[in-house]
Amino acid sequence: MVEEGLERHKPLIDREICMLAGLAFLLPFVLPYKSLPAEILIYALGAVSFNILLGYTGMLSFGQGALFGMGAYTTGLLLIHLGWHPLATLVCASLSGAITALVVGLFSIQRIGLYFVMLTLAFNQLVFFIAYQLKGLTGGDDGLLDVPRPNLSIFPGLQIPLQTNLQFFLFIWIVFIGCIIVIRRILCSPFGRVLVAIKENPERAVAVGYNIQYYKLTAFIISGLFTGLAGGLYALFMKMVPITAVELVTSTDFIIMSLLGGLGSLYGPIIGAVVVKIASEILSEIWARWLLVLGLTFIVFMLFMKEGIWGLITAALEKLKVNLSGKVEKS
Amino acid sequence: MKKNLKALLAVGVVAITVIFLTMPAMASEKVVIGVLSAFSGPYASLGEDSVRGSQYAVEEVGGKVLGKPVELMFIDTEVKPGVAARKTREAAESKGVKYFAGCISSGVALAVSQVAREKGVLFYTSVGADAVTGSKCNKYTFRWSLPTYGAIQQTVKPLIKMYPDAKRWYTITPDYVFGHSLLKNCIDIFNEFGVKHVGNDMHPLGHTEFSSFITKAMAAKADFVVFLNFGKDTINAIKQANNFGLTKRAKILVPWSSGLRDLQEIGPDFCEGIYFGCQFWHDVDVPLTKKLNEAWMKKYKRLPSYTEAAPYLHARMILKAIEMAKTTDVKSVIKVLEGLKYEGLTGEEEIQEFDHQTRKKYYLLQAKSKKDIKGPGDYATVISSGVSVKSQAESECRMED
Amino acid sequence: MGAGLILMQLLNGIVLGAIYVLIAVGLSVVFGMLNIINFAHGAVYALGAYFAFSLASLIGAWTGSFWIAVAVAPLGVAVVGAGIEVSLLRRMYDVVHEYQILLTFAIALVIQELIILIWGPIGKSVSMPPQLAGVIDFGMFTFPKYRIFLVVFIALVCMGIWLFIHKTSYGAIVRAGTDNRDMVNCLGINIYRVFTLVFSLGVGLAGLAGALALPMRGAQPLMGDTILLLCFVVVVIGGLGSLEGAILGGLIVGVVESMMILLWPQGTMIAIFAAMAIVILTRPRGLWGLR
């Protein structure tokens, strides 16, 4: 299933990454929405991080919202109360995501299958209700308002502005592509191959001598690192942290995006995020019951197209290639 | 690997064409008002009301202001601050919408108000939390409804005077900025008059099971139980209070109701004798209200409720101010609205310049029993009414620039 | 804090718990048999309430209308459940577990949106059945008749299910299938037919819970959302797959929820979900722990 992850000797930046970067860069120029492109990339990063767990390691986590929310609150609070440099707050957001993931993961990997799912769900709810009750800190149901989005001062005298949509998008775009390069590197490494081995057959992975708990936990921490970062970016993007950031619905958003896009590759969740976000924006204006369409599409994909949109695309191209080469041979 | 590259290219090309084809035309010579409300989720009924209310305001001016066609853009906030803020920002940026009106919950309105200030667009609302025209007020946000301060002043105070023997008060509060704001004002008044606040419970927005709170209130031997929630939550709470027989043992006050809507939905069997506070009541001697009543009887064969009247007033005021300013420039429209006196839905109303809060009446109603109801909409009697807003000295509002 | 208040809250908790039990029993039995955690279980609870509402208003003002609704609505929900099992779930039995969970998740979304499409986004309510309106006076406190009835009725339903599972031959097949479904299949019993039966039974019970909750809470499209998560806690605490566990878990969660309102209301949900995590970590088979 995970064919890309198994290829060796990939350079850090190759045509694949350039292609992705180029297409992502087009978003603000082709979409009629100004702020949506940045949001798409933030969610895409969250979905990719989720897929490190489900697509690569076989762990269905309902706890990603907790990681995302922790990152968002960390950035928001540091900016409001301490006025830190945005980049520093983002580093802290990543760390808080990773630490939360370490705690959630440490407990959750004790169990497998449904019990694992239920544990991650319980942790998500715990973090949500704690955030809900700590009104003084998080704003509770009203959300954490008035998060500033200062410019990036690189060194005295040089400031990178983040105020307009395009400026902010460029910033998100750079961070996003950087993250994808790092994530791809990790997944292509021997470490990534062990994760896939654990997913395909945990018993064999143990038999071969891998400490699978260690690998699962590390996967969790990596996922938390990037989900927390996505959360931090979300706080900067929204200039607030709504309570929904830490709610279960954020977890399920990532799940839906990854599944529709395709779990089998690094790029599936990205396509899923693009499609779901754009579709929801267009459909919700046309018909208030657009979630019905989403649900039905989801069912169809579950039943007939488990490889997702990415799987469809690759299969179609494969066919096209065979047809073309067939014709060439004939002529 | 090549096939993937081609795939990405293919996706890109397809995506671009699709998007260009579906790209909506940019609004240029139209005046667009973004109406924020809930069109999905538990408060979706209010969304339908805001459609009727704001559409009537547009019809009233013949669909045109300054010769430009007026268009309404309905935005579903899902009663979530994050969603509302994002959609408002998107509408302001991509569609060039300069006027926004509505919002159901204070939490949502505060988030939208933040966006309004940032984007320099006008936002006209009717929510409760004091902060909207208090500590978090800004140049671009206007409010019609009296804030929770006024609602409590106009309901709890007269009732304490009416029932000097009712010394034990119990409150049930929704756990967000609106509820907290109502509760704080309640406690201030309880302290002022020396009545005892025997207990309070917090519940999340959209709660359906109130039995535990009701039994607590009964055990606390409360003389008055105050439901500080609104809409669906209040309706459920009152029905369950009835099931438990609380309505027979204590008096009940709902300081912030949507008036006719709530009374009809709960029904006179459950409502009898309950006190309701409300921003708008149809049965008053005010010309504009009478006009609205007539229009509603003609169109829908029933009387208007607060949830329709407020969206009507928001759109009406925005259109009127544009007309008076003779321009659609937001800053000039704000200038016109500041300090404006006009014939409103509760008699003469005035928009205060220093905090953009409207001085208007608030009504205290008592629900009638089934046998006393004569004719449509005759669900309650007005016990008292009046205006209570904080003076500039008391207000926490410090407007920038 | 008087004894009356504590007793009253206890009773309240039992009423809350009784509804959880009814939903959780179905959730648990379906898990035991089909090995599926059904995320659509909350949505069918709402569907039950809406079916009951429509039936009650169709029949009209007649005093018995609510009772017919309570009897018929769960059957309607059970039929919907059977349809879901046959047409959708059956295709998923041989794929990875995670896909089944996500499929039921999507089904929940579709049911919820269909409810809004058919009945509108505005909640519906019916009045109390006249026979059960009013309160019973216990001296120290009063309590609504309907809620007392609810507890008794649900207790009877649970007894019925227990008898069905433990005393009938069909129940024996269900029990055997929970233990080892391949074995049952080998014995020449059509295991798929049993699956359909169990799934529609479980879903029907959730529908019954919805119909019974209707006079108390009304019907709202999203009413199943929060209760589903609490019922996950219930089945986990009681032990996934066990009928007795679901009853025990339901009562514990209901009583804890209403007692916490006296002690530390802000901590209610935190305590409940923390308990869930602790039980999975220390006693994964639940407190009943038979399996």
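Start with the salt bridge: the side chains of Glu113(C) and Arg289(A) meet at 2.7 Å, N to O. A salt bridge here is a Lys or Arg side-chain nitrogen within 4 Å of a carboxyl oxygen of Asp or Glu. The count between chain C and chain A is one.

A word on the ground rules. This is a predicted model, where local features need pLDDT of at least 70, side-chain atom pairs count only at pLDDT 80 or more, and totals for chains, interfaces and linings use all residues. Residues are numbered from 1 along each chain as its sequence is written, chains are lettered from A and ligands numbered from 1 in the order written, and side-chain values use heavy atoms, without hydrogens or water.

Back to that interface. Chain C brings 36 residues to the contact and chain A brings 41. Contact means heavy atoms within 4.5 Å. Together, chain C and chain A bury about 3,700 Å², 85% of it on carbon and sulfur atoms. Buried area is the accessible area, 1.4 Å probe, lost when two parts are put together, summed over both. On the chain C side, Tyr99(C), Leu102(C) and Leu281(C) lose the most area to chain A, together 17% of what that side buries.

Helices are DSSP runs of H or I, at least four residues; strands are E runs of at least two; both are numbered from the N terminus. Seven strands make an open sheet, in the order 8-7-9-10-11-15-16, with mixed pairing. The twist averages 20 degrees from one strand to the next. Two strands pair if DSSP finds at least two bridges between them. Strand 7 (residues 168-174) and strand 8 of chain B are parallel, over seven bridges. One pairing to look at: Tyr170(B) has Gly199(B), in strand 8, as its bridge partner.

Axes are lines fitted to C-alpha atoms, for helices over the stretch in contact, and angles run from 0 to 180 degrees between N-to-C directions.

Gln240(B) counts as buried because its relative accessible area is 0%. It touches residues of chain B, including Phe210(B) and Ile214(B), and also Arg147(C), Met216(C) and Arg217(C), leaving out residues up to four places away in sequence.

Last, backbone. Most residues other than glycine have a negative phi. Asp146(A) has a positive phi of about 55 degrees. Asp146(A) sits in the loop between helix 6 (135-138) and strand 1 (152-155) of chain A, and is partly exposed at 34%. Lys221(B) also has a positive phi of about 55 degrees. Lys221(B) is in the loop between helix 7 (211-219) and strand 9 of chain B, and at 61% it counts as exposed.

Note on methods: Buried means under 20% relative accessible area, exposed over 50%, partly exposed in between (1.4 Å probe, protein chains only).
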